[in-house]
Amino acid sequence: MSSIPRRYHITTFGCQMNKADSERMAGILENMGFQFSEDPNQADLILYNTCSIRDNAEHKVYSYLGRQAKRKLQQPNLTLIVAGCVAQQEGEALLRRVPELDMVMGPQHANRLEDLLEQVFAGNQVVATEALHIMEDITKPRRESQVTAWVNVIYGCNERCTYCIVPSVRGIEQSRTPEAIRAEMEELGRQGYKEVTLLGQNIDAYGRDLPGTTPEGRNLHTLTDLLYFVHDVPGIERIRFATSHPRYFTERLIRACQELPKVCEHFHIPFQSGDNDILKAMARGYTQEKYRRIIDMIRHYMPDASISADAIVGFPGETEEQFENTLKLLEEISFDMLNTAAYSPRPGTPAAVWENQLSEEVKSDRLQRLNHLVSIKAAERSQRYLGRIEEVLVEEQNTKDPTQVMGRTRGNRLTFFTGDINQLKGQLVQVKITESRAFSLSGEAIPQPALV
Ligand code: SAH
Ligand code: SF4
Ligand code: F3S
C-alpha cells in the first residue's frame with residue numbers, strides 16, 4: 001500500500017522504563033519496514049513516548065504535540081501517536097484535546113504497536129489504555145547504544161506512595177520469567193553488548209507474582225536469585241539493576257552483589273525524605289533509621305560501593321525542620337549522586353488534594369539548598385577516586401572533545417580520557433584517575449600488557 005508512511009520518529013521523555021519501551025517500539029516499526037528519521041519534520045509517523053511524573057514533564061509533550069498537529073493540517077498522511085504515561089493518564093481526553101491524534105496508547109501496550117497501527121491504517125482513531133497482560137516482544141529492540149542495554153525484569157508497581165502517578169499509569173507488577181530475561185541477555189551478549197541494567201520501578205518486587213516457593217516458604221523467584229541465574233551470560237561483563245526500594249531491600253541481595261563479580265558496586269535506593277513523619281505521610285513503609293541501617297549494611301559488606309538516591313522537597317506539610325532532616329541525611333550518608341525534585345501534585349494521587357500544600361517559593365528555595373549540598377557531597381565522594389585505577393567501560397566519544405572517549409566506572413561515575421573511539425568502543429579499559437569533579441572524572445589509560 002503506497003499510503004503507508006515509511007519514516008518514523010520517536011521522542012522519549014521520562015525514565016529508563018520509557019526509554020526501554022521506545023527501543024522496543026522502534027524495533028517493531030523497523031520490523032514493519034519503517035526507517036528512523038532524526039528530524040520529526042521529515043517523518044511520516046511521529047510517536048511521543050511521554051512522562052507524567054511531574055507537571056512540567058507532562059506539559060512538555062503538549063507543546064511538542066501542538067507543532068505536529070499543525071503540520072498534520074497540511075500533511076493528512078502524517079500519523080501522530082502519543083504513548084507512555086501521559087497517554088495512560090489522559091486516555092480519550094487526549095483525543096478531545098488534540099483531535100489530530102491517531103492513537104493514544106498506554107505503556108502496557110508498547111509491544112502491541114504493530115496490531116494497533118493496523119487499526120490506525122484502516123482508518124480508526126485508536127485508544128489503547130485498558131489493563132493488559134504484557135506479552136513478550138518477539139521483535140528485536142532498536143537500541144540507542146551498542147555497548148550498554150536495558151532489560152526489563154518487572155513492569156508496573158504495586159506500591160501506593162501518596163505522591164506518585166506511576167502505579168496508576170504503569171499498572172500492577174508483572175515479572176518476566178527468568179528464562180525470558182536470560183534469553184534476552186544471551187542475545188545481547190552475542191551482539192557484543194557488554195553491560196546490562198535490569199529494570200523495574202520497584203525491582204525488589206521481582207518474582208512476587210511468579211509461581212513457586214522454596215521448601216522454606218520463600219518465593220522461588222527473587223531479584224537475588226535472578227542475579228545468580230543470569231550472572232554468567234557470555235559476553236556480558238557488567239550487570240546493574242534499578243530501582244531499589246528500602247522497604248524490600250535485603251541483606252541477601254547485598255551478599256549476592258559482593259559475591260558476583262559482574263554485578264557492579266553501585267546501589268540506587270531512593271529515600272525521598274529524611275523525616276519520619278513525612279515518610280509516613282508518603283506511605284513509604286520505612287523510617288530514616290531503617291534506611292541508614294541499609295546503607296550501613298551495604299558499607300559493611302562493600303565499603304567502597306557508590307550509593308545514589310532520589311529525594312523530594314516540599315511535600316505537603318513539610319516544615320523547615322523536616323526539610324532539614326533531609327539535608328542531614330544527605331550530609332551524614334554522603335551520596336555519590338542524588339536526583340532531587342520539588343513536589344508536584346499529580347492527578348488522582350492522595351497527596352495532591354491535601355490542603356497543606358506549600359508555595360512554589362518555598363519548594364524552589366528548598367530545592368536550591370538541597371542541590372547545593374548535593375554537589376558538595378558528590379564532589380567529596382568523587383575525590384576518593386583520585387590517583388586510583390578504575391575500570392571504565394567505553395561507551396562514546398566525548399561530545400565536547402573528539403580526542404577523548406567517555407565511559408563509566410563500575411560505581412557509575414562518568415569518566416573521560418584520551419583515546420580513539422573506533423578502537424575503544426565497548427572495551428573495558430584500566431584508567432588512572434587524575435582529575436575529579438562533582439559528577440565526573442578524567443584520567444589516563446594504563447597501557448595494557450600485550451596479549452600472548
Ligand atoms: N520507583 C522509584 C522511583 C520512581 S519515580 C522509587 O520508588 O523510588 C522517580 C522519582 O521521581 C521518585 O523517586 C521521586 O523522587 C520523584 N517523584 C515521583 N513522584 C513525584 C512527584 N509527584 N513530585 C515530585 N517528584 C516525584
Ligand atoms: Fe512510585 Fe512509590 Fe512505586 Fe516508586 S515505589 S514507582 S515512588 S509508587
Ligand atoms: Fe515518567 Fe512514566 Fe517513568 S511517569 S518517570 S515515564 S514510569
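Modeller: In what follows, Ala, Val, Leu, Ile, Met, Phe, Trp, Tyr, Cys and Pro count as nonpolar, Asp, Glu, Lys and Arg as charged, and the others as polar. The model under discussion is predicted.

Biologist: How many residues of the shell around ligand 3 are nonpolar?

Modeller: Ligand 3 is surrounded by Cys-15, Asn-18, Cys-51, Ser-52, Ile-53, Cys-85, Val-166, Arg-170 and Gln-201. In this shell three residues are polar and one is charged, and the nonpolar ones number five.

Biologist: Is Asp-21 buried or exposed?

Modeller: Asp-21 belongs to helix 1 (residues 16-31). Beyond its neighbours within four places in sequence, Asp-21 is in contact with Asn-49, Pro-107, Ala-110 and Arg-170. Since buried means under 20% relative accessible area, the value of 3% makes Asp-21 buried.

Biologist: Which strands stand at the edges of the open sheet of three strands?

Modeller: The order in this sheet is 12-13-14, with parallel pairing. Each edge strand has a single partner strand, so one side of each is left without a neighbour in the sheet; these are strand 12 (266-268) and strand 14 (337-342).

Biologist: What is the bridge partner of Asp-310 in strand 14?

Modeller: Strand 13 (residues 306-313) runs parallel to strand 14, and six bridges join them. In strand 14, the partner of Asp-310 is Asn-339.

Biologist: Which helix packs on the sheet?

Modeller: The helix touches strand 13 and strand 14, and its direction makes about 175° with that of strand 14. It comprises residues 360-383 and is helix 13.

Key: Residues are numbered from 1 along each chain as its sequence is written. Chains are lettered from A and ligands numbered from 1 in the order in which they are written. This is a predicted model: local features need pLDDT of at least 70, side-chain atom pairs count only at pLDDT 80 or more; totals for chains, interfaces and linings use all residues. Side-chain values use heavy atoms; hydrogens and water are left out. A residue is near a molecule or strand if one of its heavy atoms lies within 4 Å of it. Two strands pair if DSSP finds at least two bridges between them. Helices (H or I, at least four residues) and strands (E, at least two) are DSSP runs, numbered from the N terminus. Contact means heavy atoms within 4.5 Å. Axes are lines fitted to C-alpha atoms, for helices over the stretch in contact, and angles run from 0 to 180 degrees between N-to-C directions. Buried means under 20% relative accessible area, exposed over 50%, partly exposed in between (1.4 Å probe, protein chains only).
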